[in-house]
Amino acid sequence: MRKLMLALSFLGFAAVPALAAPPVDFATADADGDGQVTLQEAQTVGVSDAQFTTADADGSGGLSEEEWNAIE
Ligand SMILES: [Ca+2]
(Lines give C-alpha, C1' and ligand atoms only; values in the text may rest on other atoms or scores of the structure.)
Protein backbone atom coordinates (compact mmCIF):
# COMPACT_ATOMS: atom_id res chain seq x y z
CA MET A 1 0.00 0.00 0.00
CA ARG A 2 2.81 2.37 0.87
CA LYS A 3 4.49 1.66 -2.46
CA LEU A 4 1.24 2.36 -4.28
CA MET A 5 0.88 5.70 -2.51
CA LEU A 6 4.44 6.64 -3.42
CA ALA A 7 3.85 5.70 -7.05
CA LEU A 8 0.67 7.75 -7.19
CA SER A 9 2.28 10.79 -5.62
CA PHE A 10 5.15 10.54 -8.08
CA LEU A 11 2.79 10.36 -11.05
CA GLY A 12 0.84 13.32 -9.71
CA PHE A 13 3.99 15.38 -9.43
CA ALA A 14 5.17 14.39 -12.92
CA ALA A 15 1.82 15.44 -14.42
CA VAL A 16 2.17 19.03 -13.21
CA PRO A 17 3.01 21.08 -16.31
CA ALA A 18 5.98 23.42 -16.41
CA LEU A 19 5.15 26.96 -15.39
CA ALA A 20 3.75 28.85 -18.35
CA ALA A 21 6.08 31.72 -19.03
CA PRO A 22 8.51 32.99 -21.66
CA PRO A 23 11.94 31.34 -21.29
CA VAL A 24 13.81 34.63 -20.80
CA ASP A 25 12.74 38.22 -20.16
CA PHE A 26 11.78 40.55 -22.99
CA ALA A 27 15.00 42.57 -22.98
CA THR A 28 17.06 39.40 -23.30
CA ALA A 29 14.94 38.00 -26.12
CA ASP A 30 15.02 41.31 -28.03
CA ALA A 31 18.60 40.76 -29.11
CA ASP A 32 18.83 43.81 -31.39
CA GLY A 33 16.93 46.06 -28.98
CA ASP A 34 14.37 47.34 -31.50
CA GLY A 35 11.44 46.83 -29.14
CA GLN A 36 10.07 43.77 -30.97
CA VAL A 37 10.93 40.10 -30.63
CA THR A 38 10.95 38.56 -34.11
CA LEU A 39 10.33 34.88 -34.79
CA GLN A 40 14.07 34.41 -35.27
CA GLU A 41 14.87 36.09 -31.96
CA ALA A 42 12.18 34.02 -30.24
CA GLN A 43 13.47 30.76 -31.71
CA THR A 44 16.98 31.62 -30.54
CA VAL A 45 15.77 31.44 -26.93
CA GLY A 46 13.69 28.29 -27.44
CA VAL A 47 10.21 29.58 -28.31
CA SER A 48 8.40 27.40 -30.86
CA ASP A 49 6.64 28.61 -34.01
CA ALA A 50 3.29 27.74 -32.45
CA GLN A 51 4.03 29.67 -29.26
CA PHE A 52 5.15 32.68 -31.27
CA THR A 53 2.11 32.68 -33.54
CA THR A 54 -0.24 32.37 -30.59
CA ALA A 55 1.48 35.18 -28.72
CA ASP A 56 1.51 37.53 -31.74
CA ALA A 57 -1.99 38.77 -30.96
CA ASP A 58 -2.02 41.51 -33.61
CA GLY A 59 -0.32 39.38 -36.26
CA SER A 60 2.45 41.94 -36.77
CA GLY A 61 5.18 39.31 -37.05
CA GLY A 62 6.96 40.69 -33.98
CA LEU A 63 6.13 40.49 -30.31
CA SER A 64 5.76 43.55 -28.13
CA GLU A 65 6.79 43.24 -24.49
CA GLU A 66 3.16 42.66 -23.54
CA GLU A 67 2.78 39.92 -26.17
CA TRP A 68 6.09 38.37 -25.12
CA ASN A 69 4.99 38.17 -21.50
CA ALA A 70 1.80 36.39 -22.63
CA ILE A 71 3.76 33.43 -24.06
CA GLU A 72 2.65 30.13 -22.57
CA1 LIG B 1 14.12 42.68 -31.96
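A55 is buried because 20 other C-beta atoms lie within 10 Å; a residue counts as buried if 20 or more other C-beta atoms lie within 10 Å of its own, as exposed if 12 or fewer do, and as partly exposed in between, with C-beta atoms placed from the backbone. The structure is a predicted model, in which local features need pLDDT of at least 70 and side-chain atom pairs count only at pLDDT 80 or more, while totals for chains, interfaces and linings use all residues. Residues are numbered from 1 along each chain as its sequence is written.

A55 belongs to helix α4, which spans residues 49-55. The chain holds five helices and two strands, arranged along the sequence as α-α-β-α-α-β-α. These elements are DSSP runs numbered from the N terminus: helices are H or I with at least four residues, strands E with at least two.

Apart from residues up to four places away in sequence, A55 touches L63, E67, W68, A70 and I71, where contact requires C-beta atoms, placed from the backbone, within 7 Å. For A55 and W68, which are 13 residues apart along the chain, the C-alpha atoms are separated by 6.7 Å.

A55 is also one of the nine residues of the largest nonpolar core, together with A29, V37, A42, V47, F52, L63, W68 and I71. Such a core is a set of buried Ala, Val, Leu, Ile, Met, Phe, Trp, Tyr and Cys residues joined through C-beta atoms within 7 Å. In soluble globular proteins, nonpolar side chains tend to be buried together.

Over the whole chain, 19% of the 72 residues are buried. Of the contacts between residues at least 6 apart in sequence, 39% join residues at least 24 apart.

How values were computed
Two residues are in contact if their C-beta atoms, placed from the backbone, lie within 7 Å.
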